[in-house]
Amino acid sequence: MGQIADVKVDLAGMEFSSKDLYLVRVQDNFDNSKIENGAVTLTHLSDKRNTFHFTQNSVVSNHSYGSFNGEAVIISPMMDTFENGQIPSGFGQADTWIAGDNNKSMVVPNATLVLPSDAAIPTGVPVITYDRGVTEADTLAARDAAVASFFEKKNAPFYKVGLDSWSGSMSVSQKENEIALTALIGEEKASKVLFGRHSNSYDANIEQALVAQERIEKKIADGVKYWTNGSGVDIEYTETLEVNKRTLSEALKDALESAPSKNAENYYRGKIVEQETKYSADFKNEVSPELIGRKNEIEEKISNLSEERASLQKKGVVNFGEDVLIEGRIRSLGGHLDAVNENISHSEKNIIVPVNLMQPPPLPGMQPPPLPGMQPPPLPGMQPPPLPGIQPPPLPGMQPPPLPGMQPPPLPGMQPPPLPGMQPPPLPGMQPPPLPGMQPPPLPGMQPPPLPGMQPPPLPGMQPPPLPGMQPPPLPGMQPPPLPGMQPPPLPGMQPPPLPGMQPPPLPGMQPPPLPGMQPPPLPGMQPPPLPGMQPPPLQDSKLPKTIDTQNIVDEGKKFQPISKETDTSAILKTSNDVTLVIATNPYQLGRSGIAAGAENKNVASLQNQASTQQSAAGPKSASRGMRR
């Protein structure tokens, strides 16, 4: 056996190590026990009981349910016993019981024996002896002291025990025991263990049914036909036997389904086989002929008594006492008839497994066959069949079917359908639909629509529209429009328009127009006109002669010839060297126009004074004629 792990458990508010928990059993002697390899094999002599009872870290004492004055005691580590495959059927400090196998035997490993010193001392296991006392009480006290010395040497706790648990403050609840045993052997095994009294167990029901069966069969063998129940009704033992067989059958079936260990399971199966062999008629889908005969007999008796009573009443000779007696007999027979009918119905239902349907224990690694009416266990990797009205579990990788009124789950990669009144989720890459009264979101790269009363945003590269009452911004490279009452700015290279009442600026290279009442400025190279009432200034060349002979104009030896006829304002002359002169006879014209170009920087005589004199005497026409002469 391998090393057993130490497990900590809480009992009565104290922490215990699993290595400090021991099972203690008291019995009369060890005459029917066998010792081998440090283990003791216990065997029941009675064929009615198959459970072995122990206390935990204590010695059982006498109580209302029995006397325990045995002089022999066996002590074994609890976990060594459980690890040996002997899982308890019931677990408690005052009573922990373990089912034996088909031979009503169990093995107690690493056992220590406590015996009177004058008893036969076995070998192969440790033994603690004690001396008998003068009285039985003294002997029992010496026995308990010897057991206590074992726990003292092991440095393990030792307590007094009552009817259900340790005494006093060390009393342990059933819930505490359930938690502790689950920690010791695991939840699956602990779930099949009873945490309570043995009298409430399947094992107790089986023992009682076996004891009752033996007593009833002895009565029938002795020729006793009836027994009287508490109501004074006579009941045949054959009918009682049928009821007891059904009780035993049901107890064995229930115990087999919840057997905590292989030993217990094999024992219950063996008992079923034993019962089917003993009462074979009940296991062949046949109703016992004795039951049919008994039913007919009772029905006939009831009919005869009913006719007798009716006849006496009709004749009027029946007295009250006799009538009550007949009625009582009819009732008693009716009770018998009900019991017989119940047994017949039980036989027809075939509650106990027929012999030809009983299977031998399964081979190692094989599952046992199912009981009648039970589904076989599923094969490895297979799901068990569903119970009636229950949906089967889904296959691996499959979704279970939806409950009534529920939508099935979506397939992998699919969206679930929307709930009633809800919009379905959008497909991947799609925008969800807008909520009622809401605008849908814009598509990628698109502007969202404007809110009510709002202008939409401009397209990329476009100017937004102006707000109400506002001018739109100018296009790129364009001047914005002028504000109301303002002149627009001039185009590039253009002069702005003049302000109201102002003269426009002159074009490039042009003189600006004179202001109102002002003379315009003279052209380049020209003298400005004289102010009103003023004579124009004379020409600035001092070399010009004061008078000019129009017939022979000579300037520094150069002679000028007239080349065209005179006009009202000027004469055109030509010199001997082909220099052309324009002589103005009008002083004002001369002052504005000056002398014609082409004189090659020569001094030109002014005819101003002479022209003025001639004009004043003879007028412009005479002057011109004089020049022609």
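Predicted model: local features only at pLDDT ≥ 70, side-chain atom pairs only at ≥ 80, totals over all residues.
**Close-up views of aromatic pairs and nonpolar cores**

View 1. The structure contains 9 aromatic pairs. In one of them, the ring centres of F16 and Y159 are 6.4 Å apart and the planes meet at 70°, so this pair is edge-to-face. F16 belongs to strand β2 (residues 14-17), while Y159 sits in the loop between α2 (136-154) and α3, 143 residues apart. F16 has 4% relative accessibility and counts as buried; Y159, at 18%, also counts as buried because the limit is under 20%.

**View 2. The edge-to-face pair of Y22 and F150.** Here the centres are 5.3 Å apart, with 90° between the planes. Y22 is part of strand β3 (residues 22-27) and F150 part of helix α2, so the pair ties together parts 128 residues apart in sequence. Y22 is buried at 8% relative accessibility, and F150 is buried at 7%. Ring pairs join Y22 and F150 with F151 and F158 in a cluster.

**View 3. The largest nonpolar core.** This core has 38 residues, of which L11, F16, I74, F82, W166 and L181 touch the most other members. Among the elements that each supply at least two residues are β1 (8-11), β7 (72-77), α1 (78-83) and α3 (174-185). Helix α3 gives the largest share, 4 residues. Apart from this core lies another, of 15 residues, including V26, V59, A146 and F150.

**View 4. Surroundings of W166.** Leaving out residues up to four places away in sequence, W166 touches L11, F16, Q56, N57, S58, Q93, Y159, K160, V161, S171 and V172. Both residues of the pair in View 1, F16 and Y159, are thus among the contacts of W166.

Conventions
Residues numbered from 1 in each chain as written. Heavy atoms only, no water. Core = buried A, V, L, I, M, F, W, Y, C linked by side-chain atoms within 4.5 Å. Buried < 20%, exposed > 50% of the residue type's maximum accessible area, 1.4 Å probe, protein only. Contact = heavy atoms within 4.5 Å. Phe/Tyr/Trp six-rings, centres within 6.5 Å; stacked < 30°, edge-to-face > 60°.
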